[in-house]
Amino acid sequence: MTQTLELLKELIACPSVTPHDAGCQSIIKNRLEQAGFHVEEMHSHDVQNLWARYGDQSPLIVFAGHTDVVPPGPLDAWHSDPFTPTIRDGHLYGRGATDMKTGLAAMIVAAENFIRKNPSFLGSIGFLVTSDEEGPSVHGTRHVIEILENRNEKIDYCVIGEAGSYEKLGDTIRVGRRGSLQGHLTVYGKQGHIAYPDKTINPIHQVAPAIVELTATEWDNGNAFFPPTTFQFSNIHAGTGAKNVVPGRLECDFNFRFSTAVTPEVLKERVLAILEKHQLKFDLEWEASAHPFLTEQGKLLDAVEKAILETTGLETIRSTAGGTSDGRFIAPTGAEVIEVGPLNETAHKVNESIALDALEPLTEIYEKTLTNIFCR
C-alpha cells in the first residue's frame, strides 16, 4: 500500500460531512508537523481550519483543499459503507474519494517527498485546509485568508486539489472560475377571487413577459477564457394553494454565472431596467457569492503544465468551466491559482470512488510542480 493510499484511507474513514471535520485535520496536522511544518489552527464558529507552513522565505506556494464532504445520500444505494474505505475492481470507494480527499492525500505526500529530496530549497510550502467548502464557505478559506492578509503573509502560488480532470488524469486544469450572482425577486399583485379578475392584479401574469425577456437576453459574448454569461431561474412560487384564488405576490430566485467580460453592477442595472420596463411593483435582493478570477500565463501555470506533461504525456487543456471553488477567496490576494486534481466523474455521487492507478501519478504531478517552481 502506497503512502498516498494509506493516508487517503485514513481520511475517508472520517465521516466529515460539512461542516464537520471529524478528525481529518488532526491526521493532517500530525503528518505535517512530522515533516517539519509549523501548524496553526484557525477555527471559526463551527468550522475547523488549518494553516501550515514550511520555511519563511518567498516564494510561497500553497496547497489548498477541504476535508468536508457532501452527505452520502441513501446508504442502501451504496455497495459498501461510504465511510469505510473499500477496494474493489481497481478502485477505492468512499465519500470524498474524488472530492477531495484524494487531492489532499496526494498533496501532503508530494510535499513530504519534495522536502526529503530538497531540504535546502529556497522558498516556502504552505497548506490551507478547511471544513467549510461544501457548505456556506463563510468561516473557512475566506477566514484564513483574512488572517494571512492582516499579518501581511502573502501567497505567491496556490494549487487547489479539486477534481477537475474529465477522461484522463491531468487532461484539464482550471485556470479560473466564473462568478455567481444570485437574485431574489418579489413581485406584488392584488389577491382576490379568481372569478372576478377585474378586482385583482395577478403577479404571475404581470411578471411573465419580463421572465421571457430575461431568459432571452444575451448578457455578453464571453471572451477568450470564459463562455458567455448564463442566466437561469431556480425557483418560482406563487399562490395560496387554493385553486380559486389569484395570488397577491410571486417570489422567484435566479442566478447569473458570469465571466470577466461583465461586472455584477452591469448585470444588476440591466435586470432592473427590464423589470421597470414591464411596470412591475417589486422588491429585488442581490447576493454576490463569487467573483470571477483568471490566472494567465505565469510561473505556476508553466510549472503545472510541465508537470502534467512529464507525468502523463498529456498537453493539458485550460478551462474555467464548472461551479465555484475556494480559489475565489485566494485569487484576489494577487496569488496565481491553478486547480488540478483527479477525475470528477463520481464527485458527489453514490459509490464515489478513485482509480488506484491514479494515486501515484497525481502525487507525482504535485511533486513535480514543486520541483518546477523551486528547482528549475
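Q: Where is Ala22 found, and what is its phi?
A: As a general idea, most residues other than glycine have a negative phi, and most peptide bonds are trans. In this predicted model, Ala22 is found in the loop between α1 and α2, and although Ala22 is not a glycine, its phi is positive, at about 60 degrees. Ala22 is partly exposed, with a relative accessible area of 37%.

Q: Which other residue has a positive phi although it is not a glycine, and is that residue buried or exposed?
A: His45 has a positive phi of about 55 degrees without being a glycine, and His45 lies in the loop between β1 and β2 (49-54). With a relative accessible area of 68%, His45 is exposed, whereas Ala22 counts as partly exposed.

Q: What can be said of the peptide bond that joins Thr18 and Pro19?
A: The general idea is again that most peptide bonds are trans. Thr18 and Pro19, however, are joined by a cis peptide bond with omega about 5 degrees, and Pro19 is found in the loop between α1 (3-12) and α2 (24-34), while Ala22 is also found in the loop between α1 and α2. A cis bond also runs from Asp99 to Met100, where omega is near -15 degrees, and Met100 lies in the loop between β5 (91-93) and α3 (101-117).

Q: Which strands pair with β7, and in what sense do they run?
A: Strand β3 (residues 60-66) pairs with β7 in the parallel sense over four bridges, and in β7 the bridge partner of Ile61 is Tyr157. Strand β18 (residues 336-339) is also joined to β7 by four bridges, and these two strands run parallel; here the bridge partner of Cys158 in β18 is Val337.

Q: How many salt bridges does the model have, and what does the one between Arg151 and Glu40 tie together?
A: In general, side chains of opposite charge can pair when their charged atoms come close. The count here comes to 13 salt bridges, and in one of them the side chains of Arg151 and Glu40 meet at 2.7 Å, N to O. Because Arg151 lies in the loop between α4 (141-150) and β7 and Glu40 in strand β1 (residues 38-41), the pair ties together parts that are 111 residues apart in sequence. Arg151 is partly exposed, with a relative accessible area of 37%, and Glu40 counts as partly exposed at 23%.

Q: Which residue meets Arg151 in a salt bridge at 2.8 Å, and is that residue buried or exposed?
A: The side chain of Glu153 meets that of Arg151 at 2.8 Å, N to O, and Glu153 is buried, with a relative accessible area of 15%.

Q: How far apart are the closest N and O atoms of Lys368 and Glu364, and where do these residues lie?
A: The closest N and O atoms of this salt bridge are 3.7 Å apart. Lys368 and Glu364 are four residues apart in helix α9 (residues 359-374), and therefore separated by about one helical turn. Both count as partly exposed, Lys368 at 22% relative accessibility and Glu364 at 34%. Elsewhere, salt bridges that share partners join Glu40, Arg53, Arg151 and Glu153 into one network.

Conventions: Residues numbered from 1 in each chain as written. Predicted model: local features only at pLDDT ≥ 70, side-chain atom pairs only at ≥ 80, totals over all residues. Heavy atoms only, no water. Pairing = 2+ DSSP bridges. Salt bridge = Lys/Arg side-chain N within 4 Å of Asp/Glu carboxyl O. Buried < 20%, exposed > 50% of the residue type's maximum accessible area, 1.4 Å probe, protein only.
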